[in-house]
Amino acid sequence: MSRIGKSLIKLPQDVTLEIAKDNLVTVKGSKGTLTQQVDPAISVENNDGVVKLERATESKRHKAMHGLYRALLNNMVTGVSEGYKKQLELVGVGYKATVQGNVLELNVGYSHSIFLGLPEEVKASAETVKGQNPIVTLESFDKQLIGQVAAKIKSLRTVEPYKGKGIRFVGEQVRRKAGKTAAK
């Protein structure tokens with residue numbers, strides 16, 4: 001059996017999980033509500049706060065789906081109970097970020113500011129401390145959505161390998177290249 005798929009999901013006290021007839025799983029918690037359509041070959045059972053997933057056959061596709069849907073449901077349970085947080089660091093001279101409502105404004109070395117509208121499920125905050133790089137903090141209960149938003153923000157100014165300038169996750173290691181050597 002799949003090592004990930006066969007492990008059980010324990011629901012915290014404030015989280016409820018409902019399974020509809022067509023394998024539509026809804027998870028409700030203090031942070032929000034998430035839904036996920038589960039493949040018909042995977043059966044989902046909720047027994048007194050412990051969720052168990054089982055697959056119909058031992059085919060390669062069903063094995064892959066078993067682990068996938070278990071991980072997705074576990075991420076949903078964690079998200080509605082605790083939430084997820086990602087921090088992005090803006091490395092570069094003059095780089096700054098501000099948040100007004102649900103709009104993130106970035107100045108990252110272009111001739112114009114970039115205005116990025118954020119989904120209502122994602123809360124953003126920008127922190128600028130003198131002498132340090134600005135940090136944008138994203139918080140949400142949806143792991144897929146927060147990852148997608150963070151990837152979009154990173155793609156606006158990818159980290160270049162010579163000086164290390166760009167947008168990166170806090171703590172991310174950037175592989176640096178050596179520049180040109182001086183002429184003889």
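In strand β10, Ile-114 is the bridge partner of Leu-106. The model is a predicted one, in which local features need pLDDT of at least 70, side-chain atom pairs count only at pLDDT 80 or more, and totals for chains, interfaces and linings use all residues. Residues are numbered from 1 along each chain as its sequence is written, and side-chain values use heavy atoms, with hydrogens and water left out.

Strand β9 (residues 103-107) and β10 run antiparallel and are joined by four bridges. Strands here are DSSP runs of E with at least two residues, helices are runs of H or I with at least four, and both are numbered from the N terminus. Two strands pair if DSSP finds at least two bridges between them. An open sheet of three strands has the order β8-β9-β10, with antiparallel pairing. β8 (96-100) and β10 (114-117) each have a single partner strand, so one side of each lacks a neighbour in the sheet. From one strand to the next, the twist averages 20 degrees. Axes for such angles are lines fitted to C-alpha atoms, for helices over the stretch in contact, and angles run from 0 to 180 degrees between N-to-C directions.

A further open sheet has three strands in the order β1-β6-β5, again with antiparallel pairing. β1 (9-10) and β5 (42-47) are its edge strands, and each pairs on one side only. Two bridges link β1 to β6 (residues 50-55). Lys-10 has Val-50 as its bridge partner in β6.

Helix α2 (residues 60-81) contains 22 residues. Its first and last C-alpha atoms are 32 Å apart, close to the expected 32 Å. The expected span is 1.5 Å times one less than the number of residues. Gly-83 follows α2 and has a positive phi, near 90 degrees.

The largest pocket holds about 190 Å³ of space. On a 1 Å grid over the protein atoms alone, a pocket is an open set of points with protein on both sides within 12 Å along at least five of seven lines; a lining residue has an atom within 4 Å of a point. The lining includes Leu-34, Gln-36, Leu-72, Met-76, Phe-141 and Lys-143. β4 (33-37), α2 and α3 (143-156) each give two or more residues to this lining.

Arg-157 lies over the face of Tyr-110, 4.2 Å from the ring centre. The criterion is CZ of Arg or NZ of Lys within 6 Å of the ring centre and within 35 degrees of the ring normal.

Technical notes. On a 1 Å grid over the protein atoms alone, a cavity is a set of points where a 1.4 Å probe fits but cannot get out, and a pocket is an open set with protein on both sides within 12 Å along at least five of seven lines; lining residues have an atom within 4 Å of a point. Grid points are joined across faces, edges and corners, and a volume is the space filled by probe spheres set on the points.
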